[in-house]
Structures are given as C-alpha cells and as structure tokens.
Number of protein chains: 2
Amino acid sequence: MFRNTMPRYEILSPDAIAVLDKGWRRIVTEIGVQFARQEAVELFRTAGQRTDGDVVFFDPEFILEQVKKAPREFDVQARNPANSVHIGGDQMVFSAVYGCPFIREGEVRRDATLDDFRRLCMLSQSFGQLDSAGGVICEPNDAPLDSRHLDMIYALATLTDKIYMGNVVSGPNAADTIRMTEILFGNGQGADRGRASIEQTPATISLINCNSPLRWDDRMLDAQFEYCAANQAVVLTPFLLMGAMSPVSIPAAIVQQLAEALTGIALAQLIRPGCPVIFGSFLSNIDMQSGSPSFGTPESAIGLLITGQLARHFGLPFRTGGGLNASQTADAQAAYEALMTLLPTFLAGTNFVMHAAGWLEGGLVSCYEKFIIDVELLRMLRVEFTPLEIDEESLAFGAHQEVGHGGHFLGAAHTMERFRDCFYRPLLSSTANYERWVRLGAKDATARATEICAKTLAQYQPPPLDDAIRAELDDFVARRRTELGD
Amino acid sequence: MFRNTMPRYEILSPDAIAVLDKGWRRIVTEIGVQFARQEAVELFRTAGQRTDGDVVFFDPEFILEQVKKAPREFDVQARNPANSVHIGGDQMVFSAVYGCPFIREGEVRRDATLDDFRRLCMLSQSFGQLDSAGGVICEPNDAPLDSRHLDMIYALATLTDKIYMGNVVSGPNAADTIRMTEILFGNGQGADRGRASIEQTPATISLINCNSPLRWDDRMLDAQFEYCAANQAVVLTPFLLMGAMSPVSIPAAIVQQLAEALTGIALAQLIRPGCPVIFGSFLSNIDMQSGSPSFGTPESAIGLLITGQLARHFGLPFRTGGGLNASQTADAQAAYEALMTLLPTFLAGTNFVMHAAGWLEGGLVSCYEKFIIDVELLRMLRVEFTPLEIDEESLAFGAHQEVGHGGHFLGAAHTMERFRDCFYRPLLSSTANYERWVRLGAKDATARATEICAKTLAQYQPPPLDDAIRAELDDFVARRRTELGD
C-alpha cells in the first residue's frame with residue numbers, strides 16, 4: 001500500500017469553500033434529490049425530511065449529521081491479508097479500469113470477452129502498483145448476461161487475492177457478490193463464518209453512481225441497500241460530464257457533486273449507521289464541438305483538486321482521478337491526458353483511485369498497452385510522492401571532496417555504493433541511445449508495452465486458494481447459474 | 001504573457017532548507033569553485049575572496065551580498081512591444097527547445113539544417129504559448145561553423161518579433177549577438193541608439209552553463225562577461241545529470257546547484273552590479289543501467305519543485321523545467337515524460353522555461369511533432385493554472401432549476417450562453433468517436449501533429465520589419481561573415 005505523506009495541493013480559499021458550501025445547501029433544500037426507490041424516500045421521510053413523490057427536500061444539517069456517522073477511515077480486507085487495504089488518511093488505493101465494453105490489444109479493437117476479463121485480472125494481480133483489479137475490468141460480452149456477474153466475481157476472487165469491487169447491476173447481483181465473498185472469507189468453515197468476518201471488516205467496495213443530475217436510480221439503490229446492510233463499502237459517485245449531466249461551470253458542477261454525494265452518503269448511514277462509504281467524484285466535461293466526453297482536461301484536473309479539498313473538509317475518504325483520456329489508441333494523447341489526471345490524483349492525496357490502469361477511449365475500451373503505460377506512471381508517481389530524506393549525510397560532501405572541480409561522479413565511492421537503487425528504474429520507458437534503439441527494433445513505448453504485457457501474463461502465478469473454498473464457490477456459481485436460467 | 005497566480009507547491013520544510021543552506025556554504029568555503037578565466041578570479045580576489053590558482057574559496061556572506069544586488073524582477077524587451085516579457089514574480093515565460101544537433105520529422109531522423117532552424121522559428125512565432133523561439137532551436141549543421149551564430153540570430157530577429165537568446169559559444173559570438181540586437185533596437189537611427197535602448201531594458205537572455213561539478217569554463221565566461229557588461233540577462237545554469245555531474249542524491253545535487261548558480265550570479269554582479277540574472281537549473285539523472293541521461297524522472301520533478309522554492313528563498317527569478325524526455329520518438333513515453341516535467345514546472349511557478357516545445361531524445365533532437373504536442377500541453381496547463389472564479393453566479397442555480405432531476409444540460413440556457421468558450425478547446429487532442437476517427441484516417445496524435453505543423457507553417461506570416469533595419473542587419477552579417485572567413 002502506498003502512503004502519500006507529501007503536502008496536498010489545495011487551491012480553494014476559505015471564502016470559496018463558503019460559497020460552495022452555501023451552494024449544495026441551496027440545491028438540497030430548494031431543488032431536492034430524487035430517489036427512485038420507495039424505501040429510500042421512506043427512510044428520509046421517517047427521519048423528518050420533506051418528500052414530494054420520490055423527491056426528497058433536505059435540511060442540510062440533517063445531511064451533515066448523517067455524514068458524521070460515516071467512518072473517516074476504514075479497512076477493507078483481501079483474502080491474502082498482505083493485500084488488505086486501509087481507506088482514508090494518507091493512504092492511496094489503486095484499482096484498474098472499470099466498465100469497458102471494448103478491448104484494444106495492439107492494433108485491434110474488438111468486443112471484450114471473458115478471456116480478456118481473466119487476463120486483465122491476471123495483469124492486475126501481477127503488478128504491486130494495483131491494490132485491486134477493480135470490478136468490471138471489462139464487460140465480458142461472450143458470457144450470458146444474467147449470470148455474467150458470477151463469472152466476473154469468480155475471476156476476481158480466484159485469479160487475484162486482492163480486494164475487489166462488487167457487482168451493482170441489481171440488488172440480486174449485489175447479494176450474489178456478498179454470498180460469494182462470504183464463501184471466500186469463510187475460511188473453509190462456511191459462509192456464516194465468512195459473513196461475520198466481512199461484516200466485521202468489509203471485503204468489497206462497490207460503485208454506486210448517481211444518475212446525475214440529482215437522481216439516484218432504482219437498480220443502483222437496490223445494490224446500495226444490499227451492500228450497506230452487509231456493511232460493505234460503497235463509493236457514492238456523482239457521474240458528471242459538465243455540459244451534459246451538470247452545468248458548464250466548474251463551481252456549479254462541484255456543488256451538484258456535493259449535493260449528490262452527500263445525500264447518497266446520508267442514505268447509506270440511514271440504512272446502516274456507521275457503514276463505510278467513500279465520497280466519489282467522476283468529473284469531466286463534454287467537448288462542446290464534438291459532443292463527445294473529454295478526459296484529462298484542465299477542467300477535470302481543477303475539479304479533482306477541489307474534490308480532494310472538500311472531501312477533507314467533510315472528513316470523508318474520497319475517490320477520484322485515474323488514468324483517464326479520450327484517445328482512440330495508446331498514443332501520446334492517451335499518455336498526456338492520463339498523466340494530466342493521474343498527477344493531480346496524487347497532488348490531491350486521493351484515497352481510492354479507480355481506472356488507475358488500462359482506461360482508453362473515454363472508458364469504452366480496456367487497453368492492454370495502456371495498462372502497462374499506466375503502471376509505469378503509477379510507479380513513477382509513487383517515487384515522486386515519497387518525501388525526500390534531507391540530512392547532513394544526504395549532502396554527500398565526501399563525494400565532492402573526492403571528485404573536485406570539473407570531474408565526474410560515475411566512479412565515485414558514494415555512487416558505487418548506491419548505483420543500484422539511487423534512482424527510479426523504469427518498467428517501460430527507454431533511455432537507449434538512438435543506435436541501440438534502432439538495433440532493438442525501433443519499438444515505440446506502445447510496442448514495448450505489448451511485449452511487457454505478454455511477458456507478464458506468461459509469468460503469472462495464480463495465488464493459492466483452499467480447495468474446499470474453490471469447490472464451494474464452484475457449487476454456488478453452478479447453482480445460481482441454473483437458477484438464473486443460463 | 002502568462003501569470004501563474006495559483007498556489008506554489010512547496011515540499012521543503014524550514015529544517016530542510018536550513019540543511020541545504022548549510023550545504024552550499026560548506027562547498028563554496030571548503031571546496032571552492034573553479035573559474036577558468038583570469039579576469040573572473042581577479043574580480044573575486046580584489047573583492048576579498050581567497051583564491052588558489054583558478055579556484056575561488058568564498059565567504060558565503062559575500063556571495064549573498066552580491067546576490068542581493070541582482071534585481072528580483074526585470075523586463076526583457078522584444079522588437080514588437082506586445083511580445084516584451086517580464087521575468088520574475090508570477091510571470092512564466094516560455095521558450096522553445098535549445099541545442100539539438102538532430103531533427104525528427106515524422107519517421108525521419110537526420111542532421112538539423114538552417115532550413116529547420118528557420119522553420120522552427122516560424123513555428124515559435126506562430127504559437128502564442130511561446131514567448132521566444134529560444135536561441136539554438138536546432139544546430140544548423142549545413143551553415144559554416146564560424147559564422148553560424150550570425151545566421152541564427154538573423155533568423156530569430158527577422159522571422160520572429162519575440163525575445164531571443166544570445167549565442168554563448170564564445171565572447172566574440174556574444175559581442176556579435178549584442179551588435180545585431182543594437183541594430184534591431186536602433187529604430188533605424190543606428191546602433192548607438194539601440195545600445196542605449198537595450199542597456200536600459202535588456203533584449204536578450206543568454207544561457208551560461210556551468211561545467212559541473214564546480215567549474216565555470218572559459219568560453220562560457222567570456223560570453224557572460226560580454227552580456228553582463230551590456231546589461232543583457234544571463235541564466236546561470238548548473239548542468240546536472242546526477243550520477244555524472246553530481247552525486248547520486250537529490251539533496252547533494254541541490255546544494256551543488258546552489259553553490260554553482262550563486263557563485264555565477266555573484267560574478268555577474270561583480271561585472272556589472274544590478275545586471276539581470278536568472279537562477280538556472282537543469283537537473284536530471286543518469287539511468288544507471290544504460291548510462292544514458294533520463295528525463296521526466298521522479299527525481300527531476302522533485303528537484304524542480306525544490307529549485308523553485310529555493311530560488312524564492314534567495315529572492316531570484318528562476319529557470320527550470322520544460323518538455324524534457326528521453327524518448328526516441330514522439331510516442332507515449334515522450335508525452336508522459338514531458339508532462340512529468342512540465343506540470344511540476346507550473347506547480348513551481350517557474351519564471352523562465354526553456355525547452356518548452358520540441359525537445360526529444362534527451363535533447364539531441366528537435367522534433368516537429370513533439371513541438372505541437374508540447375504546445376498542446378502548454379495550452380492545457382495555462383488553463384489549469386488560471387484561478388477559478390467562485391461566486392454565487394458561477395453556481396448556475398438557475399440551470400438546476402431549469403433542468404431538474406435526471407435531465408441534461410445540453411440545451412439549457414446557461415449552456416447555450418457559454419458553450420463556445422466554457423471549456424478548454426484542444427489543438428491536437430481528439431475526442432472523435434471511434435467510427436469517426438477511423439473515417440478520418442485513424443491518425444494517432446503524432447500523425448495529427450504532422451498535419452498541424454504543416455498547416456501552421458503554411459499559414460505563417462513574417463512579422464513586419466523596417467527595411468532600413470533589415471538592410472543594416474544584412475550589411476553587418478555580410479561584413480562579419482567575411483571577417484570570419486566564411
């Protein structure tokens with residue numbers, strides 16, 4: 001796990017925070033938020049909030065009371081305890097791309113399959129920079145729709161021993177995720193023991209998106225009710241592309257994001273007080289010329305920095321950022337847009353980072369090469385955001401005495417003692433001189449990423465899994481698949 | 001000109017600054033700095049510093065007294081007053097890549113020529129993101145060596161009307177730069193009037209590199225004496241690739257950088273008290289596996305942030321950063337390494353940014369496509385580092401009232417009023433959907449950059465220049481070329 005103890009880059013003045021604070025209060029009070037599930041509206045009504053149909057009008061202070069019940073920090077356990085994570089504080093947790101129907105592999109773009117899903121799980125398992133493969137690392141279009149979630153959770157649970165994200169397509173899918181997680185954490189002694197374990201310490205994080213503006217949809221809410229009741233963490237995430245789901249002004253998008261995320265969090269705390277939540281943000285904008293989503297924009301970076309500062313203001317762990325970009329291929333644009341998002345992600349000290357590896361083409365595509373590029377970015381940023389030791393010894397005065405004026409340090413004792421690990425060592429980047437680079441085939445970074453990807457998959461070792469647990473999972477999947485008619 | 005009024009990202013504690021401050025003092029006191037020009041040693045000796053051959057041992061307080069004579073901020077005039085710049089404070093001034101012997105244009109890598117030099121000047125003139133084409137934007141290898149500087153200054157002075165950097169190969173080359181600049185600023189009334197004008201307000205910035213470690217070379221010093229005597233700005237720049245020119249520890253490199261830059265600045269103030277200087281930094285590291293220079297590394301980003309903080313500590317305008325990278329082609333690596341340098345360049349509030357466009361392959365190559373990529377990065381970062389207006393109106397409450405729950409803002413009145421300029425509009429990045437992108441030829445960012453470059457050059461308009469001044473420049477170049485034997 002990575003702890004980011006570097007300073008946070010904060011750009012909001014207290015005055016600006018006050019304006020934004022007033023803004024979300026006005027929205028929840030005057031416009032209200034729609035909850036397309038009766039139980040949600042009922043919970044708010046019973047707690048004293050005014051409702052009109054499925055719209056809830058809030059007292060902002062009530063929301064803040066609920067928000068206060070959420071833990072500032074919490075653990076999420078992995079089946080390999082070495083891969084358990086802590087959400088909040090200085091910790092940064094990274095998971096791979098999520099939700100893509102398509103795959104890009106080299107020059108080929110095609111529908112994603114279950115085989116891709118498995119291979120992307122294997123990649124996520126292989127790189128320590130990722131704490132999780134995430135959830136829908138790609139959409140396995142060749143698996144039957146009704147039982148696809150079983151295949152995905154099974155792959156995440158068996159091909160990786162890291163934390164994973166639950167399915168949110170429906171309440172029953174969420175329930176299946178929880179059952180399979182109970183089996184996995186039952187230690188071979190049954191799902192009951194597993195239930196106790198994951199209620200004690202959550203084992204999944206699930207993504208609950210708002211149907212922005214200001215509407216929480218029924219299926220997402222169904223999933224949220226399941227997860228929160230089982231004390232599983234949820235990321236309440238306004239899904240904002242400014243110009244489409246929010247006004248074309250960053251402050252307006254930010255106050256909308258606050259209104260949405262905070263009401264979603266309030267609901268979580270009504271379902272189960274104290275249940276773990278993450279303040280979510282997914283904030284970019286529409287390209288007003290093409291009408292397509294833009295990513296890695298200046299606007300999204302500014303929104304990201306503001307989101308971090310506000311989440312800290314409300315005492316909540318937060319999710320934002322990732323390797324976002326709109327590029328159609330793993331080219332220079334994909335790289336600079338990804339870093340234009342990922343570097344602010346670190347500057348903001350983001351606690352949970354989805355889409356940290358593999359995102360391409362506005363999230364329509366999981367790309368193998370982009371996955372490797374992003375892992376390189378994560379490796380670099382982890383070093384960049386590790387505080388430097390500055391003390392007398394670090395000044396290496398003896399090296400200066402040894403080398404003197406106009407000499408070089410290549411053979412100095414200080415260098416010889418440290419040359420193996422004094423600097424960042426790249427995974428993907430090449431510093432080969434031009435002649436050597438040509439001899440090696442004149443491969444650009446994307447071509448080299450293809451090779452690294454293939455090599456990593458060839459060296460993949462499945463993490464050990466107790467036979468009894470695997471059999472129990474197999475049984476559950478087979479039974480549920482039959483029940484679901486696939 | 002761009003003013004960066006966003007917060008600075010500072011990572012040094014007061015304790016760390018104290019350690020670093022002690023470090024450079026010890027170096028200049030105990031190891032001293034070598035000056036390979038007798039007049040420099042003599043100036044220091046006369047001013048009371050201990051010398052031994054060409055090594056000067058300093059009283060650190062003496063250095064600080066000299067440094068205090070340097071202006072904290074100053075203007076540099078361009079022949080088009082609209083392009084004059086201010087160095088220091090919140091201002092950021094950008095110049096193109098400098099010093100490359102080779103060119104990459106599409107798939108071709110070859111020796112740079114004078115035609116490349118001119119075309120790169122034309123590109124620099126065309127993009128408002130660049131305040132200067134710089135100086136040696138590429139090395140025109142087909143021009144005679146002895147008089148090449150005349151061709152370069154002539155191109156910079158005539159094809160652009162922005163500020164430019166002087167030649168530093170020798171004292172006579174510097175003198176030629178100054179003479180040509182006097183002609184350019186003589187307003188058709190002769191070089192004397194020009195001399196008065198540029199002595200009043202400098203018109204050039206020249207790069208004086210230290211032959212690190214701890215040695216200032218004779219030819220660079222010859223140039224520095226010429227420029228400082230004429231009140232032309234110089235950037236005193238330690239050239240540090242950690243592992244070769246400095247120890248393999250960032251703090252050690254930083255104190256060396258301080259010792260070198262501050263002694264160079266002290267010399268400038270002895271030559272002409274009050275002459276304009278810039279604290280320079282060029283700090284990266286050797287890849288200890290390949291032995292080649294690395295760029296865009298975490299270490300260079302950390303060094304960059306520290307440099308900014310220390311320059312402010314000493315009250316000096318500073319130069320660092322740029323679009324540095326080690327990549328052999330304008331690929332994903334070139335893009336992410338460039339941004340890994342350029343984003344910290346903005347976070348540090350760098351006053352003068354060399355290599356801001358076109359740098360490839362560790363600075364061996366000026367690349368047309370990379371030039372366009374970098375211009376896109378500069379455009380994005382200028383927006384990202386422009387403070388957001390956050391007030392009641394920016395919250396667009398009316399748009400929420402209009403759109404309500406689950407709707408969209410595409411046709412909202414607030415959007416219609418602002419859609420033209422509400423978001424960053426890219427130069428190079430594409431948000432086209434996949435089908436459209438394929439129809440357009442499936443061009444990656446680099447291929448699109450080739451097209452943008454060609455279009456920009458086709459649309460280039462030379463800035464107007466008084467015929468008398470041009471004739472005077474022509475005469476000077478012809479006369480000097482003959483004198484130099486070419």
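The following conversation concerns a predicted model and looks at a few of its local features.

Q: Where is B:S429 found?
A: In chain B, B:S429 belongs to the loop between α14 (413–418) and α15 (434–439).

Q: Is that residue, B:S429, buried or exposed?
A: B:S429 is buried, because its relative accessible area is 14%, and buried means under 20%.

Q: Which side chain makes a polar contact with the side chain of B:S429?
A: The side chain of A:Y336 does, at 2.6 Å. Among the residues that B:S429 touches are also A:Q333, A:E337 and B:R448.

Q: Turning to the sheet in chain A, what is the order of its four strands?
A: The order is β3-β4-β2-β12 in an open sheet, and the pairing is mixed.

Q: Which strands stand at the edges?
A: In chain A these are β3 (50–52) and β12 (215–216). Each has a single partner strand, so one side of each lacks a neighbour in the sheet.

Q: How many bridges join β3(A) to β4 of chain A?
A: Three bridges join them, and the two strands run antiparallel. Within this pair, A:D52 stands opposite A:V55.

Q: Which helix packs on that sheet?
A: Helix α2 (residues 38–46) of chain A does, touching β2 (33–35), β3 and β4 of chain A.

Q: A new topic: which residues does the cis peptide bond in chain A join?
A: It joins A:S212 and A:P213, with omega about 5°. Most peptide bonds are trans. In chain B, the peptide bond from B:S212 to B:P213 is also cis.

Q: What is phi of A:N231?
A: Phi of A:N231 is near 60°, a positive value in a residue other than glycine. A:N231 counts as buried, at 11% relative accessibility.

Notes
Residues are numbered from 1 along each chain as its sequence is written. Chains are lettered from A and ligands numbered from 1 in the order in which they are written. This is a predicted model: local features need pLDDT of at least 70, side-chain atom pairs count only at pLDDT 80 or more; totals for chains, interfaces and linings use all residues. Side-chain values use heavy atoms; hydrogens and water are left out. Buried means under 20% relative accessible area, exposed over 50%, partly exposed in between (1.4 Å probe, protein chains only). A polar contact is a pair of N or O atoms within 3.5 Å; within protein, one must be able to donate a hydrogen and the other to accept it, and residues adjacent in sequence count only if both atoms are side-chain atoms. Contact means heavy atoms within 4.5 Å. Two strands pair if DSSP finds at least two bridges between them. Axes are lines fitted to C-alpha atoms, for helices over the stretch in contact, and angles run from 0 to 180 degrees between N-to-C directions. Lists of a residue's contacts leave out its neighbours within four places in sequence.
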